[in-house]
Amino acid sequence: MNDDCIFCKIAGGQLPAAVLYDDEMLIAIMDAFPATKGHVLIIPKAHAENLYDLPVETAAAILPLAQRIAIKMACTLKPDGLNIMQNNGKAAGQAVFHYHLHILPRYENDGVVFKSTPYLSTPEERAEIARQILQ
């Protein structure tokens, strides 16, 4: 646990949250500053700053929980779509430096915009980048 981390404090029961799920490894809570109605965060109880630091066992438990929550959201909130996202590093939009996964129900005209400008590359560049990553 990191004493300065808000998510460690929530996971440790030191700060209140609307909890959807809680076990020895993970906690799922309603986002205190939701982007849309029903915005949920899945947070590991053990502090890991980002995906790079996340133990593989923890990572393996997160997606099945996200799927269960998403299915329940679909049945109860009836969103028009769903985003599952996770940000690593300030440049990617990470604001709390404790790994967390967002489950974001989406509704037509909800005003949430993820703007991206395509990075233009050649097939040769993509093949070279793939080669570098796989080394």
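**Surface patch and overall fold of a predicted model**

**View 1. A nonpolar patch formed by L63, L82 and I84 on the surface.** In this predicted model, the three residues L63, L82 and I84 together contribute about 270 Å² of accessible area to the patch.

**View 2. I84, a patch member within strand β4.** The strand that holds I84, β4, covers residues 81-85. I84 has a relative accessibility of 41% and therefore counts as partly exposed, since that class lies between buried, under 20%, and exposed, over 50%.

**View 3. The secondary structure elements of the protein chain.** Three helices and five strands make up the secondary structure of the chain, and their order along the sequence follows the pattern α-β-β-β-α-β-β-α. The C-alpha trace of the protein chain spans about 50 × 35 × 25 Å along its principal axes.

**View 4. Burial and contacts in the protein chain.** The protein chain has 135 residues, of which 30% count as buried. When contacts between residues at least 6 apart in sequence are considered, 53% of them join residues that are at least 24 apart.

**View 5. Accessible surface and charges of the protein chain.** The accessible surface of the protein chain comes to about 8,800 Å², and carbon and sulfur atoms account for 58% of that surface. The protein chain carries 11 positive and 15 negative charges, and the mean position of the positive charges lies 6 Å from the mean position of the negative ones.

How values were computed: Residues are numbered from 1 along each chain as its sequence is written. This is a predicted model: local features need pLDDT of at least 70, side-chain atom pairs count only at pLDDT 80 or more; totals for chains, interfaces and linings use all residues. Side-chain values use heavy atoms; hydrogens and water are left out. Patches are made of residues with over 30% relative accessible area and no salt bridge: like charges are joined within 9 Å, nonpolar side chains (Val, Leu, Ile, Met, Phe, Trp, Tyr) within 5 Å. Accessible areas come from the Shrake-Rupley method with a 1.4 Å probe; for residues, only the protein chains shown count as cover. A salt bridge is a side-chain nitrogen of Lys or Arg within 4 Å of a carboxyl oxygen of Asp or Glu. Helices (H or I, at least four residues) and strands (E, at least two) are DSSP runs, numbered from the N terminus. Buried means under 20% relative accessible area, exposed over 50%, partly exposed in between (1.4 Å probe, protein chains only). Contact means heavy atoms within 4.5 Å. Lys and Arg count as positive and Asp and Glu as negative; His and the chain ends are not counted. The place of a charge is taken as NZ of Lys, CZ of Arg, CG of Asp or CD of Glu.
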